Amino acid sequence: MLHVITTDIFDRTLLDDLCRLTTITRRIARTPDGLRFLQQLLPVRRAMLYFTQPSTRTYLSMNNACHILGVRTSEIRNPDVSSEFKGETFEDSIRTFAAYVDLIIMRTPQPGYAARAADLMGDMNRRVPVINAGSGKDQHPTQALLDIYTLERNFQKTGGIEGKTIAMMGDLKRGRTVRSLCRLLRHYKDTRLVFIAAPGFEMEPDILACLDADKVSYEQSDRLEDFLPSVDAIYVTRMQTEHDTSGESARVDLSKYSIGAAQIEHMKKEAVILHPLPRGPEIHPEIDSDPRAVYWQQERNGLWIRVALIACILEASDQIISAQSKFL
Ligand code: NCD
């Protein structure tokens, strides 16, 4: 695996392998000796975090994932303090990062930039891997990986993701997390998807076409109450107000697309509620301590799957797998 730009590089085998590696890694990390072992895996490697769009979880988990493996990091989070401010092109900035580091992790407000960075590497002597940490409204592949891992862990005792009914609710039109997650869920047999969105915020046709092509069954609705009793998981998202052109988010009656004590009462006892965070009013904090609310667990899973992913890209995964017997 060189670059992680879209979810398309992941097939079912790779997803299963990555989930397994994540669980092994976090188990090794339970003891100080295990943590020291992980930290000496990649101490001579350096990564660049180029995040020109707001981020808390993805930035911090990527940064800490690097540190857990001993990878040193540098960052640009504000293009106003880089040479882009002086008019340097995106391509020239990427070339510069590639001259100094061994891995580029990037998030941009525009779609397609991570792909442009990866393409550029094709012409360079130092082909530095690029990880897309969120590209505009389009893709967020590492979030989709941690979502898959969270679903798999929670469905461990009930046969995994296959055959489950998974609802996605909120701003499906402009949310990159749900778009990327749909693309990964195609790899799980007999999964049924339900898209719950206010008119104007429905899932885009390109994703529906992709599900049609793989014969994934899905339904679209604006009535959460019809689906609460039957879903095995509901993935809730916030309104992506930063993409508004005329205050359209504010015109949605969010009470119809929210989960609180009244809604959770109708859900199955073993169902799970996910959210990529940050949340808005669509998830009431009153349900945070319900065992079905797994979004804080999901956030933590993001750290460990990113450790596993970076270990794969920088070729340390075999060492982790062989160390299992020593630490577990
Ligand atoms: C998401 C994102 O940035 O797309 N956040 C995240 O990475 N956890 C979701 C969002 O901002 O709504």
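Which residues does leucine 274 touch, not counting residues up to four places away in sequence? The answer comes in the first view below.

This is a predicted model, in which local features need pLDDT of at least 70, side-chain atom pairs count only at pLDDT 80 or more, and totals for chains, interfaces and linings use all residues. Residues are numbered from 1 along each chain as its sequence is written, and side-chain values use heavy atoms, with hydrogens and water left out.

**View 1. Leucine 274 and its contacts.** Leucine 274 sits in strand β9 (residues 272-274). Helices (H or I, at least four residues) and strands (E, at least two) are DSSP runs, numbered from the N terminus. Leucine 274 is buried, at 1% relative accessible area. Buried means under 20% relative accessible area, exposed over 50%, and partly exposed in between (1.4 Å probe, protein chains only). Leucine 274 touches Asp147, Thr150, Leu151, Ile234, Tyr235, Val236, Ile283, Val294, Tyr295 and Gln298, not counting residues up to four places away in sequence. Contact means heavy atoms within 4.5 Å. Glutamate 162 is 112 residues from leucine 274 in sequence and 17 Å from it in space, C-alpha to C-alpha.

**View 2. The largest nonpolar core.** A nonpolar core is a set of buried Ala, Val, Leu, Ile, Met, Phe, Trp, Tyr and Cys residues joined through side-chain atoms within 4.5 Å. The largest one has 95 residues. Ile105, Met168, Leu185, Ile234, Ile273 and Ile310 touch the most other members. Helix α11 (residues 295-313) gives the largest share of this core, 11 residues. Both domain 1 (7-139 + 302-327) and domain 2 (141-299) contribute residues, so the core lies between them. In soluble globular proteins, nonpolar side chains tend to be buried together.

**View 3. Leucine 185, and a second core.** Leucine 185 touches Ile148, Leu151, Ile161, Ile166, Met168, Thr191 and Leu193, leaving aside residues up to four places away in sequence. A second, separate core holds 19 residues, including Ile76, Phe90, Met106 and Met121.

View 4. Domain 1 brings 30 residues to the contact and domain 2 brings 27 residues. Together the two domains bury about 2,500 Å², with 54% of it on carbon and sulfur atoms. Buried area is the accessible area (1.4 Å probe) that two parts lose on being put together, summed over both. Arg12, Arg57 and Lys137 supply 27% of the area that domain 1 buries against domain 2, more than any other three residues.

**View 5. Polar links across the domain interface.** Four salt bridges cross between domain 1 and domain 2. A salt bridge is a side-chain nitrogen of Lys or Arg within 4 Å of a carboxyl oxygen of Asp or Glu. The interface also has 14 residue pairs in polar contact (both at pLDDT 80 or more). A polar contact is a pair of N or O atoms within 3.5 Å; within protein, one must be able to donate a hydrogen and the other to accept it, and residues adjacent in sequence count only if both atoms are side-chain atoms. On the side of domain 1 that touches domain 2, α1 (12-28), α3 (57-68), β3 (103-108), β4 (130-135) and α11 each supply at least two residues. Helix α1 gives the most to that side, with eight residues.

**View 6. Glutamate 299 and arginine 57.** The whole structure contains 22 salt bridges. In one of them, glutamate 299 pairs with arginine 57, their closest N and O atoms being 3.0 Å apart. Glutamate 299 lies in helix α11 and arginine 57 in helix α3, so the pair ties together parts that are 242 residues apart in sequence. Glutamate 299 is partly exposed, at 30% relative accessibility. Arginine 57 is also partly exposed, at 23%.

**View 7. Aspartate 244 and arginine 174.** These two side chains form a salt bridge, with the closest N and O atoms 2.9 Å apart. Aspartate 244 lies in the loop between β8 (233-236) and α10 (261-264), and arginine 174 in the loop between β5 (165-169) and α7 (176-185), so the pair ties together parts that are 70 residues apart in sequence. Aspartate 244 is partly exposed at 22% relative accessibility, whereas arginine 174 is buried at 6%. A network of salt bridges links Asp171, Arg174, Asp244 and Glu248.

Key
Domain bounds come from an automatic or database domain assignment.
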